[in-house]
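Let's take a walk through a protein chain together, one piece at a time. Have the picture open while you read, and look up each residue as it comes along.

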Amino acid sequence: YQIKIEDAEDPNTNDISNNNFTIMEATKITQQPEMVSVCVGQPVNLSITATGQNLKYQWRKNGADIANATQRTYTIQTASVSDAGNYSCAIDSDCGKIFSNSASVTVNSSPVINSITKDTIICEGKPLSLAVVASGSGLSYQWRKNGVNIQNSTKSTLTFIEMAKSDAGDYDCVINNSCGESITPKTSIQVIKLPAITKQPVGTSVNVGSQVTF
């Protein structure tokens, strides 16, 4: 660097022997905050690393300052669904202000069951679908009959093409994700046997005026 100081009365003055100058390091982020995915109730830890003079930190959520979040790290002790969002950090220093990248925070919950098919009475041979509606991320399903897993029944619906008497029972669905497990209430299915004629009417011959019973 070449530094020149001029005396207002003597423009030829260029003596800096009695002056000290400090060139400060520009503020630089060396480690950006990283995205986080947690379950409800778990902690969230965000951090940033920077170099520079007299650094001051201000964490932000979705572009708005977070009160009292003025340290290099920001922690949410017990995360709730409302804590999900995009977090960043503004760093102020002697050389100006810079902003970090945005880091997404995702807060997942265990499956929440919204609805399940109600108890049903149905006739043999009729089709039937049992359905569960649940909210949550990364859901997996396992239908059960009388507490026993039904093979290859891992979707949100359980479909019968033609109901048989043997299909009667209590059905539920176990729903899992990375944050836990939920089990639906039981749905009772009754299958009514179709009417069957066990004795057909038989023709007969009688005299005129006689009573006939079929």
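**A walk through the chain**

Among contacts in the protein chain between residues at least 6 apart in sequence, 57% join residues at least 24 apart; contact here means heavy atoms within 4.5 Å. Before going on, a word on what you're looking at: this is a predicted model, where local features need pLDDT of at least 70 and side-chain atom pairs count only at pLDDT 80 or more, while totals for chains, interfaces and linings use all residues. Residues are numbered from 1 along each chain as its sequence is written, and side-chain values use heavy atoms, with hydrogens and water left out.

So what is the secondary structure of the protein chain? It comes to 0 helices and 19 strands. Both kinds are DSSP runs numbered from the N terminus, helices being H or I with at least four residues and strands E with at least two. Of the 214 residues in the protein chain, 28% are buried. Buried means under 20% relative accessible area, exposed means over 50%, and partly exposed is in between, using a 1.4 Å probe and protein chains only. The chain exposes about 14300 Å², and carbon and sulfur atoms supply 47% of that; these areas come from the Shrake-Rupley method with a 1.4 Å probe, and for residues only the protein chains shown count as cover.

Now for the inside. The largest nonpolar core has 19 residues, and those with the most contacts inside it are Val 44, Leu 46, Trp 59 and Tyr 74. A nonpolar core is a set of buried Ala, Val, Leu, Ile, Met, Phe, Trp, Tyr and Cys residues joined through side-chain atoms within 4.5 Å. Elements giving two or more residues to this core include β2 (36-39), β3 (44-47) and β5 (56-61), but β8 gives the most, with 3 residues. Zoom in on Val 44: leaving aside neighbours within four places in sequence, Val 44 is in contact with a list of residues that includes Val 36, Tyr 74 and Val 105. Apart from this core lies another one, of 15 residues, among them Tyr 141, Phe 160, Met 163 and Val 191.

Next, the aromatic rings. Rings of Phe, Tyr and Trp (its six-membered ring) pair if their centres lie within 6.5 Å; planes under 30 degrees apart count as stacked, over 60 as edge-to-face and the rest as tilted. By this rule the count comes to 3 aromatic pairs. One of them, Phe 160 with Tyr 171, is edge-to-face, at 5.8 Å centre to centre and 80° between the planes. This pair links distant parts of the chain, with Phe 160 in strand β16 and Tyr 171 in strand β17 (residues 169-177), 11 residues apart. Phe 160 is buried because its relative accessible area is 14%, and Tyr 171 is buried too, at 2%. Elsewhere, Trp 59, Tyr 74 and Tyr 87 form one aromatic cluster.

How do strands line up? Two strands pair if DSSP finds at least two bridges between them. An open sheet of 3 strands has the order β11-β13-β16, with antiparallel pairing. β11 (112-116) and β16 (157-160) stand at the edges with a single partner strand each, so one side of each is left without a neighbour in the sheet. β11 is joined to β13 (residues 128-135) by 4 bridges, and Ile 113 has Ala 134 as its bridge partner in β13.

β12 and β19 run parallel, joined by 4 bridges, and in β19 the partner of Cys 123 is Ile 192. β17 and β19 run antiparallel, with 3 bridges; here Asp 170 has Ser 188 as its bridge partner.

Finally, stop at two loops. Asn 68 has a positive phi of about 65° although it is not a glycine, and lies between β6 (64-65) and β7 (73-76). Is Asn 68 buried or exposed? Asn 68 counts as exposed because its relative accessibility is 75%. Asn 146 also has a positive phi, about 50°, without being a glycine, and is found in the loop between β14 (140-145) and β15 (148-149).
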